[in-house]
Amino acid sequence: MSDDAVLLTIEDDVATVTLNRPDVRNALAEETSERLIERFDTIADSDARCVVLEGAGPAFCAGGDVGAMVEGVAGDQPPAERVELVVSAIHGAIEAVHDCRLPVVAKIDGATFGAGAGLALACDVQLASPEAKIGFGFRRVGLAIDSGVSYFLPRLVGPNKAKELVFTGELLDADTARELGIFTRLFEADEFEDGVENMVETIAEGPTVALTQAKRLLDRGTESTFEQALDDEATAQGLAFTTADHEEGATAFMEQRSPEFEGR
């Protein structure tokens with residue numbers, strides 16, 4: 001598989017990562033997952049201030065590569081080996097997205113299933129068009145859940161609703177996913193591209209250090225005690241106080257003008 005399986009462009013402080021296997025609906029094969037990890041490693045060393053994750057063609061991500069699953073069954077590949085080669089690779093990709101220090105926006109303009117749904121939820125913000133659909137139908141291929149779904153989904157919809165969605169494999173349309181909080185925002189078809197661009201621009205032009213610290217705090221908040229959360233917030237603010245963006249923000253506020261943050 002070539003490097004073209006996952007594309008990366010960085011322009012105007014925004015890194016855009018594109019799953020580029022539309023012929024298989026951007027399924028997460030082992031090699032695709034490895035390329036995704038490589039792209040996020042590159043972003044970590046760049047000057048990007050926001051990341052957009054999207055899929056080429058009519059799907060965001062169809063989940064695991066079912067063709068590879070069939071080959072594994074037909075070849076009598078031991079389950080432990082299949083976990084190591086396939087599931088672990090996908091989990092590495094999910095971790096790369098979730099652990100990215102920058103805000104990551106999922107741009108969902110089509111269907112996403114299974115591991116692809118987990119990939120979408122690993123992002124910080126999920127922006128959807130009316131064409132977007134999402135489902136956690138691992139049951140369809142006789143599998144349990146993976147890709148962080150057991151972690152992300154109950155936190156979004158509650159444990160019982162998460163069980164219902166997994167047990168039934170229901171495919172949610174964009175409106176329903178938005179109502180459940182799985183998609184954070186739903187745009188009309190003719191507003192989708194501009195809507196995503198505007199939100200990404202807003203994030204990328206923000207005080208980058210403060211926003212990355214805020215992301216870390218929010219990710220840890222559900223696992224922390226109240227006292228731990230307050231301590232973590234104090235530490236984060238101590239760092240933010242030292243930034244040029246804080247100085248600019250406070251000065252701009254007093255001067256009653258819009259701040260011009262530089263991401264440092």
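Modeller: Helices (H or I, at least four residues) and strands (E, at least two) are DSSP runs, numbered from the N terminus. This is a predicted model, in which local features need pLDDT of at least 70 and side-chain atom pairs count only at pLDDT 80 or more, while totals for chains, interfaces and linings use all residues. Residues are numbered from 1 along each chain as its sequence is written, and side-chain values use heavy atoms, with hydrogens and water left out.

Colleague: Is glutamine 213 buried or exposed?

Modeller: Glutamine 213 belongs to helix 9. Buried means under 20% relative accessible area, exposed over 50%, and partly exposed in between (1.4 Å probe, protein chains only). The relative accessible area of glutamine 213 is 16%, so glutamine 213 is buried.

Colleague: Which residues does glutamine 213 touch, not counting residues up to four places away in sequence?

Modeller: Contact means heavy atoms within 4.5 Å. With residues up to four places away in sequence left out, glutamine 213 touches Ala236 and Leu239.

Colleague: How are helix 5 and helix 6 oriented to each other?

Modeller: Two packed helices are described by the angle between their axes and the distance between the axes. Axes are lines fitted to C-alpha atoms, for helices over the stretch in contact, and angles run from 0 to 180 degrees between N-to-C directions. The axes of helix 5 (residues 149-157) and helix 6 (residues 159-168) come within 7 Å and cross at roughly 125°. Angles under 35 degrees count as roughly parallel, over 145 as roughly antiparallel, 65 to 115 as roughly perpendicular and the rest as oblique, so helix 5 and helix 6 are oblique.

Colleague: How do the residues of the contact of helix 5 with helix 6 divide?

Modeller: From helix 5, Leu153, Pro154 and Val157 meet Pro159, Lys161, Ala162, Leu165 and Val166 of helix 6. Ala, Val, Leu, Ile, Met, Phe, Trp, Tyr, Cys and Pro count as nonpolar, Asp, Glu, Lys and Arg as charged, and the others, Gly among them, as polar. The contact of helix 5 with helix 6 divides into seven nonpolar, no polar and one charged.

Colleague: How many salt bridges are there?

Modeller: A salt bridge is a side-chain nitrogen of Lys or Arg within 4 Å of a carboxyl oxygen of Asp or Glu. By this rule, the count is 10.

Colleague: How many residues apart in sequence are the parts tied together by lysine 107 and glutamate 54?

Modeller: Lysine 107 forms a salt bridge with glutamate 54, and their closest N and O atoms are 3.8 Å apart. Lysine 107 is in strand 5 (residues 104-108) and glutamate 54 in strand 3 (residues 50-55), so the pair ties together parts whose separation in sequence is 53 residues.

Colleague: Which residue forms a salt bridge with glutamate 223?

Modeller: Glutamate 223 lies in the loop between helix 9 (208-221) and helix 10 (226-240), and its partner, 68 residues apart, is in helix 5. The closest N and O atoms of the pair are 2.5 Å apart, and the partner is arginine 155.

Colleague: What is the relative accessibility of serine 147?

Modeller: Serine 147 lies in the loop between strand 8 (133-135) and helix 5. Phi of serine 147 is near 65°, a positive value in a residue other than glycine. Most residues other than glycine have a negative phi. Serine 147 counts as buried, because its relative accessibility is 0%.
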